[in-house]
Amino acid sequence: MTTQKPSPNREAVIAAATGTAIGVSAMLAFAGAAPTIVRAPLVVAVVAGGVPLLGALLRSALRREIGADFLAGLAIITSLLLGQFLVAAVVVLMLSGGQALEAYATRRASSVLEALARRNPSVAHRMIDDALVDVPIGEVIPGDTLVILPHELSPVDGIVRAGYGAMDESYLSGEPFLIRKTAGSTVISGAVNGDTALTIEATRKAVDSRFARIVGIVQSAEQRRPRMRRIADRLGGWYTPTAVAIAAIAWFASGDSTRFLAVLVIATPCPLLLAIPIAIIGAISVAAGRGIVIKDAGILERLETCRTAIFDKTGTLTLGRPGLSDVVLLQSAATRREVLAVAASLEQYSKHPLAAAIVATADAEGVPRVEVTEISESPGEGLTGHVGEATVRIIGRRQLTPAQRAALPAVAAGLECVVLIEGEVAALFRFRDVVRADSAAFITHLPRLHGIGRLLLVSGDRESEVRDLGARMQIADVRFEQSPEQKLAIVTAECRRQPTLFVGDGINDAPAMIAATAAIALGVGSDVTSDAAGAVILDGSISRVDELLHIASRTRRIALQSAVGGIALSLIGVGLAAGGWLAPLAGAIAQEVIDVVTVLNALRASWPPREMTDF
């Protein structure tokens with residue numbers, strides 16, 4: 001298990017102070033000072049720096065967590081007992097330096113719960129005697145009348161009583177589109193309001209809201225997060241007892257206690273304590289240059305082990321915004337270009353969630369605009385205006401007469417709107433969540449080239465949407481309309497079977513990300529999700545996920561090469577020390593030479609590879 005250590009700042013201070021003490025001692029010895037004076041800086045450094053390190057190792061030993069650094073601690077104690085203060089100082093320098101590097105590589109920017117707290121509003125605008133009064137969110141009770149201003153977060157769950165607009169609920173529900181709100185519509189806490197103010201009636205207290213439940217789920221998932229063993233600890237699990245046994249045998253066979261110390265010093269696993277953190281730091285730098293932020297350095301060790309991959313839909317494999325997927329012409333005289341021209345001309349003045357998709361398609365196809373006058377957009381009545389010389393109306397299927405509805409094709413997956421020209425149904429526009437261009441190629445190459453044999457698509461979106469995307473991505477196992485609690489349960493169950501990767505982007509993905517073996521967040525739309533993930537793809541590109549897989553695989557390979565190669569060299573030194581051919585101080589110097597070799601090899605992880613993707 002990972003040893004609990006002092007803070008990264010303390011470790012760095014210990015390393016710097018110990019290195020300074022060794023240098024001062026060397027200068028005093030060169031100046032011909034008395035042995036007591038020469039030893040004084042070393043004693044101070046070993047006592048001041050070694051005690052905190054040994055205390056942390058002792059606490060780990062009491063928890064039966066014997067890692068790679070236990071051997072270094074034993075070497076420090078033995079050196080002190082034998083009066084070898086320079087040897088003890090060198091080991092303190094190696095141990096503290098390695099721990100400082102590892103702590104630097106694995107530090108996280110902030111906790112998930114802190115990010116959730118930052119996102120949750122602290123006050124609500126309560127209507128009292130026709131005036132808005134800001135009150136703490138904890139004072140809101142069911143029945144209170146609240147006003148949500150433009151672009152604010154909904155503080156509680158409620159029902160719209162006045163106003164008309166749209167809200168972004170995708171972070172919470174997985175629904176990819178802005179949801180229109182009018183009197184009687186439900187509002188969920190944490191949803192982002194659009195451009196108009198909404199008056200709502202609170203239906204739950206803040207502590208009982210949907211957002212609060214997600215906070216509770218995240219907290220519970222964090223407490224149940226499995227602790228992962230470092231590569232260094234797994235290798236040290238057999239190396240440490242082997243080295244101690246050899247040292248004890250050498251002492252027993254020769255009767256010379258310095259052989260015991262010499263073996264421990266040369267066996268101190270600095271290739272594990274130094275090379276692996278340095279390789280990880282180099283990989284973090286390479287990833288940052290590709291727009292990938294490593295929040296938890298452990299993901300670089302765990303990604304290679306994942307054999308199951310679970311993907312969210314909205315904002316992950318799709319862009320999370322509607323695109324015009326089909327124009328069904330219902331008038332023989334109308335052409336696609338003509339209908340698109342009048343619709344885009346009218347929709348360019350609308351804030352409806354689908355308006356931008358119509359306008360974008362018209363622009364992409366080079367369809368010119370037509371002059372528009374007398375625009376009207378009323379809640380529940382659609383958008384109306386004079387486009388050129390024709391009256392055009394864009395509405396939903398439910399606003400049509402029974403006869404007009406009978407002429408329409410069957411309802412399909414996704415969203416839709418109907419275009420009427422001069423009162424006659426001219427076309428049906430269908431919209432789908434836009435799929436990322438490289439999603440299908442990325443998904444299909446995972447089993448073949450990355451050993452991920454099990455793929456799942458898990459989304460809070462509707463069944464028709466999720467099944468359609470699953471078929472297009474060739475993912476057989478799809479789960480739809482999943483709550484954060486259900487996503488967490490799925491990931492937990494999969495992790496029991498084998499190491500599992502989760503890729504998502506919304507707040508409703510945060511609990512599942514915490515429970516996963518490795519988690520990647522696409523985009524920076526939510527700091528909550530970013531903090532829950534081990535890595536964040538800043539530009540939201542799915543191809544960056546493949547780059548991260550390659551970076552992680554290469555880092556693990558280089559780290560193992562450095563660690564195993566360094567241990568092999570150390571074992572040669574162990575044989576020499578056990579035979580009496582290597583004194584403790586010479587062993588410490590030899591170990592430093594081995595460190596340089598392994599560190600230089602580990603630095604290769606900071607060089608960007610030539611090929612970053614393979615699909």
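These are my notebook entries on what I looked up in this structure.

**Getting my bearings**

I am working with a predicted model, in which local features need pLDDT of at least 70 and side-chain atom pairs count only at pLDDT 80 or more, while totals for chains, interfaces and linings use all residues. Residues are numbered from 1 along each chain as its sequence is written, and side-chain values use heavy atoms, with hydrogens and water left out.

I began with the secondary structure and found 22 helices and 22 strands in the protein chain. Here helices (H or I, at least four residues) and strands (E, at least two) are DSSP runs, numbered from the N terminus.

Next I looked up burial, and 52% of the 615 residues in the protein chain are buried. Buried means under 20% relative accessible area, exposed over 50%, and partly exposed in between (1.4 Å probe, protein chains only).

I also looked at contacts, meaning heavy atoms within 4.5 Å. Among those between residues at least 6 apart in sequence, 69% join residues at least 24 apart.

**Cysteines**

How many disulfides does a search of the whole structure find? I got zero, with a disulfide taken as a pair of cysteine sulfur atoms within 2.5 Å. For Cys306, the nearest cysteine sulfur belongs to Cys495 and is 7.9 Å away. I noted that Cys306 is buried, at 2% relative accessible area. Cys417 is buried too, with 7% relative accessibility.

I then turned to helix pairs. For these, axes are lines fitted to C-alpha atoms, for helices over the stretch in contact, and angles run from 0 to 180 degrees between N-to-C directions.

Helix H2 (residues 35-62) and H3 have axes that come within 10 Å and cross at roughly 135°. That makes H2 oblique to H3; angles under 35 degrees count as roughly parallel, over 145 as roughly antiparallel, 65 to 115 as roughly perpendicular and the rest as oblique.

The crossing of H2 and H3 is left-handed. A crossing gets that label if the near helix is turned anticlockwise from the far one by less than a right angle, and is right-handed if clockwise.

Which residues meet here? From H2 I listed Val46, Leu54 and Leu57, and from H3 Phe70, Gly73, Ile76, Ile77 and Leu80. By class, the contact of H2 with H3 has seven nonpolar, one polar and no charged residues. In this count Ala, Val, Leu, Ile, Met, Phe, Trp, Tyr, Cys and Pro are nonpolar, Asp, Glu, Lys and Arg are charged, and the others, Gly among them, are polar.

H3 (residues 70-81) also meets helix H9 (residues 257-267), with axes that come within 9 Å and cross at roughly 145°. The contact is made by Leu71, Leu74, Ala75, Thr78 and Ser79 of H3 and by Phe260, Leu261, Leu264 and Ala267 of H9. I sorted the residues of this contact into seven nonpolar, two polar and no charged. H3 passes H9 in a left-handed crossing.

Is H9 itself mostly covered or mostly open? It is mostly covered, as eight of its eleven residues are buried. Phe260, Leu261, Leu264 and Ala267 are among the buried ones.

**Helices H16 and H21**

My next pair was helix H16 (residues 439-450) and helix H21 (residues 542-578), which pack at an angle of about 20° with their axes 9 Å apart. H16 and H21 are therefore roughly parallel to each other, and their crossing is left-handed. On the H16 side the contact uses Ser439, Phe442, His445, Leu446 and His450, and on the H21 side Ile542, Val545, Asp546, Leu549 and His550. I counted five nonpolar, four polar and one charged residues in the contact of H16 with H21.

I stayed in H21 to look up Ile558, which is buried at 1% relative accessibility. Leaving aside neighbours within four places in sequence, Ile558 is in contact with Asn601, Ala602, Arg604 and Ala605. Ile558 and Ala605 are 47 residues apart along the chain, yet their C-alpha atoms are separated by 6.6 Å.

**Positive phi in two loops**

Last, I checked backbone angles. His151 has a phi near 70°, a positive value in a residue other than glycine. I found His151 in the loop between strand S3 (145-148) and strand S4 (158-162). His151 is exposed, with a relative accessible area of 56%.

Glu422 also has a positive phi, near 55°. Glu422 sits in the loop between strand S16 (415-421) and strand S17 (424-435).
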